[in-house]
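My entries follow in the order I made them.

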Amino acid sequence: MKKILRSKIVFSIFTVLFILNSIISCRSSKVSGLENGDLLFVTAKDSGLSGAINNVTQKQKSVSFDHIGILEVDGSDFYVLHAAPKGGSQKQQLKDFLQDQANDGQRVVVYRLKSQYRKAIPSAIEKANSMVGKPYNFNYILDEKTYYCSDFIERAFRKDHIFVLEPMSFIDPKTGKTNVFWEDFYKKKNLKVPEGEPGCNPNGLAASEKLDKIKELR
(Lines give C-alpha, C1' and ligand atoms only; values in the text may rest on other atoms or scores of the structure.)
Protein backbone atom coordinates (compact mmCIF):
# COMPACT_ATOMS: atom_id res chain seq x y z
CA MET A 1 0.00 0.00 0.00
CA LYS A 2 2.82 2.38 0.91
CA LYS A 3 4.61 1.56 -2.35
CA ILE A 4 1.46 2.36 -4.34
CA LEU A 5 0.96 5.62 -2.44
CA ARG A 6 4.62 6.57 -2.93
CA SER A 7 4.38 5.79 -6.63
CA LYS A 8 1.31 8.01 -6.97
CA ILE A 9 3.07 10.88 -5.21
CA VAL A 10 6.14 10.51 -7.41
CA PHE A 11 3.96 10.37 -10.50
CA SER A 12 2.04 13.48 -9.41
CA ILE A 13 5.25 15.39 -8.78
CA PHE A 14 6.63 14.31 -12.15
CA THR A 15 3.41 15.40 -13.88
CA VAL A 16 3.49 18.83 -12.24
CA LEU A 17 7.16 19.32 -13.13
CA PHE A 18 6.47 18.25 -16.71
CA ILE A 19 3.62 20.75 -17.05
CA LEU A 20 5.70 23.55 -15.52
CA ASN A 21 8.60 22.75 -17.81
CA SER A 22 6.29 22.80 -20.83
CA ILE A 23 4.90 26.20 -19.84
CA ILE A 24 8.39 27.62 -19.23
CA SER A 25 9.70 26.14 -22.49
CA CYS A 26 6.78 27.59 -24.45
CA ARG A 27 7.33 31.03 -22.92
CA SER A 28 11.08 30.84 -23.50
CA SER A 29 10.64 29.89 -27.15
CA LYS A 30 8.52 32.98 -27.75
CA VAL A 31 10.80 35.45 -25.99
CA SER A 32 14.04 33.83 -27.11
CA GLY A 33 16.11 36.29 -29.11
CA LEU A 34 13.85 39.26 -28.41
CA GLU A 35 15.57 42.51 -27.48
CA ASN A 36 14.62 45.75 -25.82
CA GLY A 37 13.18 48.13 -28.42
CA ASP A 38 12.08 45.46 -30.90
CA LEU A 39 9.04 46.49 -32.92
CA LEU A 40 6.14 44.04 -32.99
CA PHE A 41 4.01 44.29 -36.12
CA VAL A 42 0.60 42.60 -36.23
CA THR A 43 -0.57 41.12 -39.52
CA ALA A 44 -3.66 42.65 -41.10
CA LYS A 45 -7.03 41.03 -41.65
CA ASP A 46 -8.81 41.06 -45.00
CA SER A 47 -11.94 42.91 -43.89
CA GLY A 48 -13.28 45.65 -41.63
CA LEU A 49 -11.06 48.45 -40.36
CA SER A 50 -7.98 46.25 -40.64
CA GLY A 51 -8.67 45.46 -44.28
CA ALA A 52 -9.44 49.11 -45.03
CA ILE A 53 -6.15 50.26 -43.50
CA ASN A 54 -4.25 47.69 -45.47
CA ASN A 55 -6.07 48.46 -48.72
CA VAL A 56 -4.68 51.99 -48.85
CA THR A 57 -1.31 51.46 -47.15
CA GLN A 58 0.11 48.06 -48.15
CA LYS A 59 3.65 48.39 -49.48
CA GLN A 60 4.88 44.79 -49.48
CA LYS A 61 3.11 42.05 -51.44
CA SER A 62 4.23 39.27 -49.11
CA VAL A 63 3.08 40.81 -45.83
CA SER A 64 0.81 43.53 -44.51
CA PHE A 65 0.20 44.99 -41.07
CA ASP A 66 -2.48 46.92 -39.20
CA HIS A 67 -0.93 47.35 -35.74
CA ILE A 68 2.44 47.94 -34.07
CA GLY A 69 3.94 48.11 -30.59
CA ILE A 70 7.40 48.48 -29.08
CA LEU A 71 8.90 45.88 -26.75
CA GLU A 72 10.30 46.88 -23.37
CA VAL A 73 12.45 44.32 -21.59
CA ASP A 74 12.76 44.93 -17.85
CA GLY A 75 14.88 42.19 -16.32
CA SER A 76 12.92 38.98 -16.89
CA ASP A 77 9.70 40.86 -17.67
CA PHE A 78 8.54 41.63 -21.21
CA TYR A 79 6.06 44.41 -21.99
CA VAL A 80 4.55 45.90 -25.13
CA LEU A 81 3.95 49.63 -25.27
CA HIS A 82 1.27 50.42 -27.84
CA ALA A 83 -1.90 52.34 -28.64
CA ALA A 84 -4.99 50.25 -29.34
CA PRO A 85 -8.74 50.95 -29.74
CA LYS A 86 -9.35 48.91 -26.60
CA GLY A 87 -7.39 50.49 -23.76
CA GLY A 88 -5.80 53.40 -25.59
CA SER A 89 -2.07 53.98 -25.04
CA GLN A 90 -1.00 51.20 -22.71
CA LYS A 91 1.75 49.03 -21.28
CA GLN A 92 0.75 45.39 -21.64
CA GLN A 93 2.51 42.18 -20.72
CA LEU A 94 3.89 40.49 -23.83
CA LYS A 95 2.05 37.23 -23.16
CA ASP A 96 -1.28 39.07 -23.00
CA PHE A 97 -0.48 41.07 -26.14
CA LEU A 98 0.33 37.88 -28.05
CA GLN A 99 -2.81 36.17 -26.76
CA ASP A 100 -4.97 39.08 -27.92
CA GLN A 101 -3.55 38.80 -31.44
CA ALA A 102 -3.96 35.02 -31.47
CA ASN A 103 -7.59 35.40 -30.38
CA ASP A 104 -8.14 37.63 -33.43
CA GLY A 105 -6.39 35.19 -35.75
CA GLN A 106 -3.49 37.57 -36.36
CA ARG A 107 0.24 36.95 -36.20
CA VAL A 108 3.12 39.01 -34.81
CA VAL A 109 6.30 39.72 -36.75
CA VAL A 110 9.40 41.16 -35.10
CA TYR A 111 11.42 43.97 -36.69
CA ARG A 112 14.55 45.53 -35.20
CA LEU A 113 16.35 48.81 -35.68
CA LYS A 114 19.67 48.45 -37.47
CA SER A 115 22.70 48.83 -35.21
CA GLN A 116 23.43 52.45 -36.15
CA TYR A 117 19.97 53.52 -34.97
CA ARG A 118 19.64 51.47 -31.78
CA LYS A 119 20.97 54.29 -29.59
CA ALA A 120 17.53 55.85 -30.03
CA ILE A 121 15.80 53.02 -28.15
CA PRO A 122 16.22 54.14 -24.48
CA SER A 123 14.72 57.58 -25.08
CA ALA A 124 12.00 56.10 -27.30
CA ILE A 125 10.89 53.72 -24.56
CA GLU A 126 10.99 56.53 -22.03
CA LYS A 127 8.81 58.64 -24.32
CA ALA A 128 6.45 55.72 -24.95
CA ASN A 129 5.99 55.21 -21.20
CA SER A 130 5.19 58.91 -20.82
CA MET A 131 2.34 58.55 -23.33
CA VAL A 132 0.70 55.61 -21.54
CA GLY A 133 -2.80 56.52 -20.43
CA LYS A 134 -3.66 58.72 -23.41
CA PRO A 135 -6.91 57.87 -25.30
CA TYR A 136 -6.93 56.21 -28.70
CA ASN A 137 -7.22 58.44 -31.76
CA PHE A 138 -10.27 57.07 -33.58
CA ASN A 139 -10.14 59.80 -36.24
CA TYR A 140 -6.60 58.96 -37.42
CA ILE A 141 -5.93 62.69 -37.76
CA LEU A 142 -2.90 63.80 -35.76
CA ASP A 143 -3.46 65.72 -32.55
CA GLU A 144 -1.61 66.09 -29.26
CA LYS A 145 -4.16 64.46 -26.97
CA THR A 146 -4.86 61.09 -28.58
CA TYR A 147 -2.73 58.56 -30.46
CA TYR A 148 -3.21 55.70 -32.90
CA CYS A 149 -0.76 52.79 -33.10
CA SER A 150 1.83 53.92 -35.66
CA ASP A 151 1.46 57.53 -34.46
CA PHE A 152 2.39 56.32 -30.96
CA ILE A 153 5.56 54.65 -32.28
CA GLU A 154 6.56 57.54 -34.57
CA ARG A 155 6.23 59.95 -31.64
CA ALA A 156 8.30 57.67 -29.41
CA PHE A 157 11.20 57.87 -31.88
CA ARG A 158 10.56 61.41 -33.11
CA LYS A 159 13.43 63.03 -31.19
CA ASP A 160 15.90 60.92 -33.17
CA HIS A 161 14.02 61.21 -36.50
CA ILE A 162 13.79 57.44 -36.95
CA PHE A 163 10.49 57.58 -38.82
CA VAL A 164 8.91 60.34 -40.89
CA LEU A 165 5.38 61.57 -41.35
CA GLU A 166 4.11 61.30 -44.91
CA PRO A 167 1.02 62.57 -46.74
CA MET A 168 -1.80 60.13 -46.00
CA SER A 169 -3.74 58.58 -48.84
CA PHE A 170 -7.13 56.91 -48.70
CA ILE A 171 -7.24 56.07 -52.40
CA ASP A 172 -8.15 52.53 -53.37
CA PRO A 173 -5.36 51.50 -55.79
CA LYS A 174 -7.81 49.32 -57.72
CA THR A 175 -10.29 52.10 -58.47
CA GLY A 176 -8.19 55.24 -58.17
CA LYS A 177 -10.93 56.72 -55.99
CA THR A 178 -11.33 57.19 -52.25
CA ASN A 179 -11.82 53.81 -50.59
CA VAL A 180 -15.54 53.33 -49.85
CA PHE A 181 -14.89 52.28 -46.27
CA TRP A 182 -12.99 55.47 -45.50
CA GLU A 183 -15.48 57.65 -47.33
CA ASP A 184 -18.30 56.28 -45.14
CA PHE A 185 -16.05 56.26 -42.06
CA TYR A 186 -15.39 60.01 -42.17
CA LYS A 187 -18.88 60.88 -43.42
CA LYS A 188 -20.35 59.37 -40.24
CA LYS A 189 -17.99 61.55 -38.19
CA ASN A 190 -18.89 64.67 -40.20
CA LEU A 191 -15.24 64.98 -41.14
CA LYS A 192 -13.52 65.46 -44.46
CA VAL A 193 -11.34 62.56 -45.60
CA PRO A 194 -7.85 63.75 -44.55
CA GLU A 195 -6.31 63.00 -47.93
CA GLY A 196 -2.78 64.40 -48.12
CA GLU A 197 -2.55 65.33 -44.44
CA PRO A 198 0.56 64.17 -42.52
CA GLY A 199 0.38 60.79 -40.85
CA CYS A 200 1.85 57.30 -40.72
CA ASN A 201 0.77 53.68 -40.77
CA PRO A 202 2.20 50.27 -39.79
CA ASN A 203 2.98 49.27 -43.39
CA GLY A 204 4.90 52.48 -43.94
CA LEU A 205 6.94 51.98 -40.77
CA ALA A 206 7.68 48.34 -41.65
CA ALA A 207 9.03 49.45 -45.03
CA SER A 208 11.65 51.70 -43.41
CA GLU A 209 15.21 50.99 -44.49
CA LYS A 210 16.24 51.53 -40.86
CA LEU A 211 14.63 48.24 -39.84
CA ASP A 212 15.52 44.58 -40.27
CA LYS A 213 12.88 41.86 -40.22
CA ILE A 214 13.86 39.34 -37.52
CA LYS A 215 11.24 36.62 -37.21
CA GLU A 216 7.60 35.74 -36.68
CA LEU A 217 6.59 34.87 -33.13
CA ARG A 218 4.91 31.48 -32.89
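This is a predicted model: local features need pLDDT of at least 70, side-chain atom pairs count only at pLDDT 80 or more; totals for chains, interfaces and linings use all residues.

Residues are numbered from 1 along each chain as its sequence is written, and side-chain values use heavy atoms, with hydrogens and water left out.

Tyr140 has a phi near 55°, a positive value in a residue other than glycine. Most residues other than glycine have a negative phi. Is Tyr140 buried or exposed? Tyr140 is buried, at a relative accessible area of 10%; buried means under 20% relative accessible area, exposed over 50%, and partly exposed in between (1.4 Å probe, protein chains only).

I then checked His161, in the loop between H5 and strand E6 (166-167). Its phi is also positive, near 55°. His161 counts as exposed, with 58% relative accessibility.

**Sheet.** I traced an open sheet of 6 strands, antiparallel in its pairing, in the order E4-E3-E2-E1-E5-E8. I took two strands as paired if DSSP finds at least two bridges between them. Which strands stand at the edges? They are E4 and E8 (211-217), each with a single partner strand, so one side of each has no neighbour in the sheet. From one strand to the next the twist averages 30°. For such angles, axes are lines fitted to C-alpha atoms, for helices over the stretch in contact, and angles run from 0 to 180 degrees between N-to-C directions.

I went through the pairs one by one:

- E3 (residues 77-84) and E4 (residues 88-93) run antiparallel and are joined by 6 bridges. Val80 is opposite Gln92 in E4. The two strands form a hairpin with 3 residues between them, and Gly87 in the turn has a positive phi of about 105°.
- E1 (residues 39-43) and E2 (residues 65-74) are antiparallel, with 5 bridges. Phe41 is opposite Ile68 in E2.
- E1 and E5 are antiparallel, with 4 bridges. Leu39 has Tyr111 in E5 as its bridge partner.
- E5 and E8 are antiparallel, with 6 bridges. Val110 is opposite Lys215 in E8.

I looked at E5 again for burial, and 6 of its 6 residues are buried. Val108, Val110 and Arg112 point one way from E5, whereas Val109, Tyr111 and Leu113 point the other way.

**Helices on the sheet.** H4 (residues 121-131) lies across E2, E3, E4 and E5, at about 110° to E2.

In H3 I found Leu94, Phe97, Leu98 and Gln101 buried. Why are they on the same side of H3? They cover an arc of only 95° around the axis, so they share one side of H3; the arc is that of the directions from the helix axis to the C-beta atoms. An α-helix has 3.6 residues a turn, so residues three or four places apart point the same way. Lys95 and Asn103, on the other side of H3, are exposed. Just after H3, Gly105 has a positive phi of about 75°.

**Cores.** The largest nonpolar core has 38 residues, and Leu39, Phe41, Tyr111, Ile153 and Phe157 have the most contacts inside it. A nonpolar core here is a set of buried Ala, Val, Leu, Ile, Met, Phe, Trp, Tyr and Cys residues joined through side-chain atoms within 4.5 Å. H4 gives the largest share of this core, 5 residues. Another core lies apart from it, with 13 residues, among them Val31, Leu71, Phe97 and Val110.

I listed the partners of Phe157, leaving aside neighbours within four places in sequence: Leu39, Ile70, Leu113, Ala120, Ile121, Ala124, Ile162 and Phe163 are in contact with it. Contact means heavy atoms within 4.5 Å.

**Whole chain.** The chain has 7 helices and 8 strands, and 42% of its 218 residues are buried. Of the contacts with a separation of 6 or more, 70% are between residues 24 or more positions apart.
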